Amino acid sequence: MTEGLREGIGQVPFVDHHVHQPYKRAQAIGVEDFRRPFTEASIPAAWTENIQTLIGYQWMVRELARVLGCDATEDAVLAVRNGMAVLRYHRLLADAANLGACYADDLFAAGQCYPIDVWSEVIGRPVERVLRVETFVEQGYAACPTLDDALHRLSREIVSPARRLVSLKSIAGYRTGLAFDPPSATQHQQAVKAYSELRGAALSPHAAQRAPAVLSPSPGRIADKALVDTIVWSALEAAVPLGLPMQFHVAFGDDDIIMARNDPTLMRALFAHAPFRAVPLVLLHCYPFHRQAGYLASTYPNVCLDLGLTIPIVGPGAAAVLAETLELCPTRQLLASTDGHMEPEFQWFGVHVWRWALARVLGQYVAWDIFDADTALTTARAVLHDNALRVYQTGN
Ligand SMILES: [Zn+2]
């Protein structure tokens, strides 16, 4: 890897096209909170007993010690970060990452995180909004007695210029899987029934007594395949005239995933439906199906992919994953995100590992005389910045 390439990659602002605002809370956090973003487990032993030995996490502690100027131990890093002013710390990490604009899915842990406009001020970067469609429908039960009402409410949100959306997002991957079926009479009947039952459960007096927990089921949670497929299809139909992209959670991620249903090649019904080819379909995370995702990108011009959550968690494995992805994925279809969530370190570290992996992989291609250093830097700029602006039609 040449020093010039590494430096050049560091100077490209990182457009984080899939991220969530961090928790809004006191700066002093416990070690468990500090480790928590590095696993999608819901079983506490994962982060109380094990995550401190994950290679990617150990690397994060070491890199953060460099930024904070302290010993490279978990205790030392946590003590220094906990002693800093909240807003100063968030800005410090955003600057250290050379972060550009962020596109935030603001329906993750809604109510516990910074509102989009506040977070934008905190980090000093533009933050655009991405609409998570299934959760949006869940939030509308009270106002929408029927499924038709719910789908109309969703379409209105998508087309309203006041909402300033840059993308839609589906979490079908960890609700019912990616084998979408096109609309049918049977599917519609089942979806109407499921919506009615879920709405009833969500609005029942017993539901209000149950405190919602992050990443755990709550009454009204939409996990019926006919209903999820109906929502996604309907959202895409509203998105097509606007050219609005749709992001899909693919594979690696939340602990309720059935991995065998998360191979993105199962999404064929969406790729085969000609009208949907007018909008970018962006596959997020993708691990361990990043090669399948690369195949899809090489086959369908409107498919883009990203290794978001994968990159910070696999740590030094990011170079191998990136190289495997680029076997088939044209570089103009690869986007970079961090899936930053909960605490601000995760986003900062995701940016760091993306830059590290790009420098290693593209630097290797230069060393092999596959292409020259200028092309390597242009490629990195496309992945970190330019591709997102083109795909989401944003000015920043
Ligand atoms: Zn996410």
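Visitor: Which residues of β5 point one way, and which the other way?

Guide: Met246, Phe248 and Val250 point one way from β5, Gln247 and His249 point the other way, and all are buried. A strand here is a DSSP run of E with at least two residues, a helix is a run of H or I with at least four, and both are numbered from the N terminus. Buried means 20 or more other C-beta atoms within 10 Å of a residue's own; 12 or fewer is exposed, anything in between is partly exposed, and the C-beta atoms are placed from the backbone. Five of the five residues of β5 are buried, so the strand is largely enclosed by the rest of the structure.

Visitor: Before we go on, what kind of model is this?

Guide: It's a predicted model: local features need a pLDDT of at least 70, side-chain atom pairs count only at pLDDT 80 or more, and totals for chains, interfaces and linings use all residues. Residue numbers start from 1 along each chain as its sequence is written.

Visitor: Back to the strands, then. In what order do they form the sheet?

Guide: Strands of a sheet pair through backbone hydrogen bonds, either parallel or antiparallel. Two strands count as paired if DSSP finds at least two bridges between them. In this model eight strands make an open sheet, ordered β1-β2-β3-β4-β5-β6-β7-β8, with parallel pairing. The edges are β1 and β8, each of which pairs on one side only.

Visitor: How many bridges join β5 to β6?

Guide: Five, with β5 covering residues 246-250 and the two strands running parallel. Val250 stands opposite His285 in β6. As for β4 (residues 165-170), three bridges join it to β5, again parallel, and Ser170 stands opposite Phe248.

Visitor: What does Pro264 touch?

Guide: Contact means two C-beta atoms, placed from the backbone, within 7 Å. Leaving aside residues up to four places away in sequence, Pro264 touches Leu178, Val250, Leu283, Cys286, Phe289, Gln292, Ala293 and Leu296. Pro264 sits in the loop between β5 and α13 (268-272). With 27 C-beta neighbours inside 10 Å, it counts as buried.

Visitor: Which peptide bond is cis?

Guide: The one from Tyr287 to Pro288, with omega near 0 degrees. Look for Pro288 in the loop between β6 and α14 (290-299).

Visitor: Now a helix. How far does α18 reach from its first C-alpha to its last?

Guide: The expected span is 1.5 Å times one less than the number of residues. Helix α18 (residues 373-391) has 19 residues and reaches 25 Å, close to the expected 27 Å. There's also a kink of about 55 degrees, centred on Ala382; the bend is the angle between axes fitted to the seven residues ending there and the seven starting there.

Visitor: What covers the buried residues of α18?

Guide: The cover includes α1 (3-10), β1 (14-19), β6 (281-285), β7 (303-306), β8 (334-335) and α17 (344-367). Among the buried residues are Ala376, Leu377, Ala382 and Val391.

Visitor: Which residues of α6 are buried?

Guide: His90, Leu93 and Ala94, in a helix spanning residues 86-96. They cover an arc of only 100 degrees around the axis, which puts them on the same side of α6; the arc is that of the directions from the helix axis to the C-beta atoms. Their cover includes β2 (99-105), α7 (116-123) and α17.

Visitor: Is Met342 buried or exposed?

Guide: Met342 is buried, with 23 other C-beta atoms within 10 Å. It lies in the loop between β8 and α17, and has a positive phi of about 65 degrees although it isn't a glycine. Gln393, in the segment after α18, has a positive phi too, near 50 degrees. Gln393 is partly exposed, with 13 other C-beta atoms within 10 Å.

Visitor: Let's step back. What does the secondary structure of the protein come to?

Guide: It comes to 18 helices and eight strands. The radius of gyration is 21 Å, close to the 21 Å from the globule rule for 396 residues, so the protein is as compact as a globular protein of that length. That radius is taken over C-alpha atoms, and the rule is 2.2 Å times the number of residues to the power 0.38. Of the 396 residues, 45% count as buried.
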